[in-house]
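Work through the following exercises with the sequence and the model side by side, and try each task before reading its solution.

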Amino acid sequence: MYSKTVMDHFKNPRNVGEIQGADGVGEVGNPICGDMMKITIKVANERIKDIKFLTFGCGAAIAVSSMVTEMAKGKTLDEAKQISKESVAKALDDLPKNKLHCSNLGADALQMAIKDYENRKSGKVKEQDTTEGYHCYTEEESCKCPYCDSEMHTGEKTCAMCGRKIEIKLSM
Amino acid sequence: MNTINLDYISSNPLLPEVKNAMIEAIKKDYGNPSSAHRLGEEAAEEIEKAREKVAKLITASPDEIIFTSCGTESNNHAIKGVAFAKKDKGKHIVTSDTEHNSVLKPIRTLRTLGYDTTSVSVDQFGRVKPDDVLKAIRDDTVLITIMHANNEIGTIQPIKEIAQIAREKKITFHCDAVTSVGVVPIDVHDLGIDLLSFAANQFNGPSGVGGLYVRKGTSLWPLLDGGGQENKRRGGTENLIGIIGMGVASEITLKEMESRINHLKRIKERLTNGLRENIDDIIFNGYPEYSLPNLISLSIKYIEGESIVLMLDEENIAVATKSACASGSLRASHVLIAIGRDYADAQGTLVITYGRDTTENDIGRFLEVLKKTVDTLRKMSPLYQKK
């Protein structure tokens, strides 16, 4: 199912951990759709000097996190801003279609960490990403009813197909 | 190194006797069982021999058994077949929150055809209260469908009590017993049910063949319309080789049932104790008492199931997960949500199933590798770091 590169990064993930006293922190995802990622960066002379990740997720999510940290390490902030979901998937020799969106959050976490760094530097209040509630990333890949697998749209609390109420529980 | 199979529920290995019987059957070049000539008659005889063996496994009469292509077909046949046969009497069906997809989805289809359903909730161990079933029944209820044992958490439902209610209310009762038949003793008369689904690959028989028990006198519309096979109840040429395999598997399973259960119980105890001693922050899902002996459902906190499965696979250990990430459908298991697990815990759930050939050594190695895997993944987990 996974490419050799994905399996390599999954089995030997690079840059695992959390930088204490990081200059920027990016945290995305939630366990409802499967994955959570936290990226911490250390910046010197507008360059990513060190980067680490923590990930709760499937094999693809772990490989993506590892690859993103490899790609960003040593880059200038402007260079790192060019790293996207697409370039990460390409560097991993592609991801399975159903993993492209859900597990491919590494670039988002990186961009959020860079933004956090820039906000702190300019004295802006930290923008909090709210990860509560029923969560869908994009329109076309909405979440599905856990009972009957019918598509549900953001904010819906009752499945239109089977009529069951969907109660959201999070333990974070 | 040999692969340790702890995913028996996906499919059991074939018994050597089953393999032999199937290979011999292939060599014989049987005819079509419906044909009047001798080649056909010989095939028909083989099917009836198998039917007798299969019927014995669940204490039914042979003419109450329909051979199907799998457990899913049996469930579809029972649910749609009763709903269609009784559509003039009513269009309401009672079911439960933890049914298999092959029950949930036929019901979903029926909803689009104007049927109405009530789904009864389960307690924290996944058990239905018979009283809730009674309360869900309406004047237009024509079918109750509740599974015997859950395929994800192993909880066994109070089928006898529910069947009693169904009988008193004169409502047809179907029981999905795919995970139970061949694992624990099933007596259709003692249970008092009208229809029961089962599949050969759950008791060391081949995939692609299942059975549906239909008590005499039960109204049932065919699912596959066609020829007069299976006493006019299921059109389509029979899967002769598979049916022969299922017959042999049934016969041996019945003979070995008691010793198998004792073995499975020993393995379950060893596994449960080993998991408790080796890994912290784990939750055992399911009912401690009313539970299948061949299954353990384990939620491992702070980590995700697919990554556990992949790492174990690298060490030649096969185990299943109920993580959404592995299913490709981006959804957590409805069973785990129904028993109150939160989404993160549901994501980190393993379904460990084993069988007659699983050894204590297998379990020892599994425990060792699992501990290592959990440690590695937790070191990577933001949820574990927040703990």
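**Exercise 1. Chain B as a whole**

Task: Find what share of the contacts in chain B with a separation of 6 or more comes from residues 24 or more positions apart, and then describe the dimensions of chain B.

Solution: Residues 24 or more positions apart account for 73% of the contacts in chain B with a separation of 6 or more, where contact means heavy atoms within 4.5 Å. Before going on, note that this is a predicted model, in which local features need pLDDT of at least 70 and side-chain atom pairs count only at pLDDT 80 or more, while totals for chains, interfaces and linings use all residues. Residues are numbered from 1 along each chain as its sequence is written, chains are lettered from A and ligands numbered from 1 in the order in which they are written, and side-chain values use heavy atoms, with hydrogens and water left out.

Next, take the dimensions: the C-alpha trace of chain B spans about 70 × 55 × 35 Å along its principal axes. For 387 residues a compact globule would have a radius of gyration near 21 Å, and the 21 Å of chain B agrees with that; the radius is taken over C-alpha atoms, and the globule rule is 2.2 Å times the number of residues to the power 0.38. Of the 387 residues, 60% count as buried, a word that means under 20% relative accessible area, with exposed meaning over 50% and partly exposed lying in between (1.4 Å probe, protein chains only). Finally, chain B holds 15 helices and twelve strands, which are DSSP runs (helices H or I, at least four residues; strands E, at least two) numbered from the N terminus.

**Exercise 2. The nonpolar cores**

Task: Determine which residues of the largest nonpolar core touch the most other members, and which helix gives this core its largest share.

Solution: A nonpolar core is a set of buried Ala, Val, Leu, Ile, Met, Phe, Trp, Tyr and Cys residues joined through side-chain atoms within 4.5 Å. The largest one has 134 residues, of which B:L196 and B:L275 touch the most other members. Its largest share, 13 residues, comes from helix α9 (residues 240–278) of chain B. Apart from this core lies another, of 16 residues, which includes B:I66, B:A78, B:I93 and B:L212. To look around B:L196, set aside its neighbours within four places in sequence; its contacts then include B:I58, B:H174, B:V188, B:L191 and B:L212.

**Exercise 3. A pocket and a cavity**

Task: Describe the linings of the second largest pocket and of the largest cavity.

Solution: On a 1 Å grid over the protein atoms alone, a cavity is a set of points where a 1.4 Å probe fits but cannot get out, whereas a pocket is an open set with protein on both sides within 12 Å along at least five of seven lines, and lining residues have an atom within 4 Å of a point.

The second largest pocket holds about 550 Å³ of space. Of its 25 lining residues, B:K268, B:Y287, B:P288, B:S291 and B:L292 are the closest to its centre. The elements that give two or more residues to this lining are α9, β9 (282–285) and β10 (295–300) of chain B, with the largest share, six residues, coming from α9(B). By class, the lining divides into 14 nonpolar, six polar and five charged residues.

Of the 15 residues that line the largest cavity, B:N12, B:V183, B:Q202, B:N294 and B:Y354 are the closest to its centre. This lining has six nonpolar, seven polar and two charged residues.

**Exercise 4. Positive phi values**

Task: Is A:N15 buried or exposed, and where does A:N15 lie in chain A?

Solution: Most residues other than glycine have a negative phi. Phi of A:N15, however, is near 60 degrees, a positive value. A:N15 sits in the loop between α1 (4–11) and β1 (24–30) of chain A, and at 13% relative accessibility A:N15 counts as buried. In chain B, phi of B:T59 is near 55 degrees, again positive. B:T59 belongs to the loop between α2 (38–57) and β2 (65–68), and its relative accessible area of 38% makes B:T59 partly exposed.

Key. Grid points are joined across faces, edges and corners, and a volume is the space filled by probe spheres set on the points. Ala, Val, Leu, Ile, Met, Phe, Trp, Tyr, Cys and Pro count as nonpolar, Asp, Glu, Lys and Arg as charged, and the others, Gly among them, as polar.
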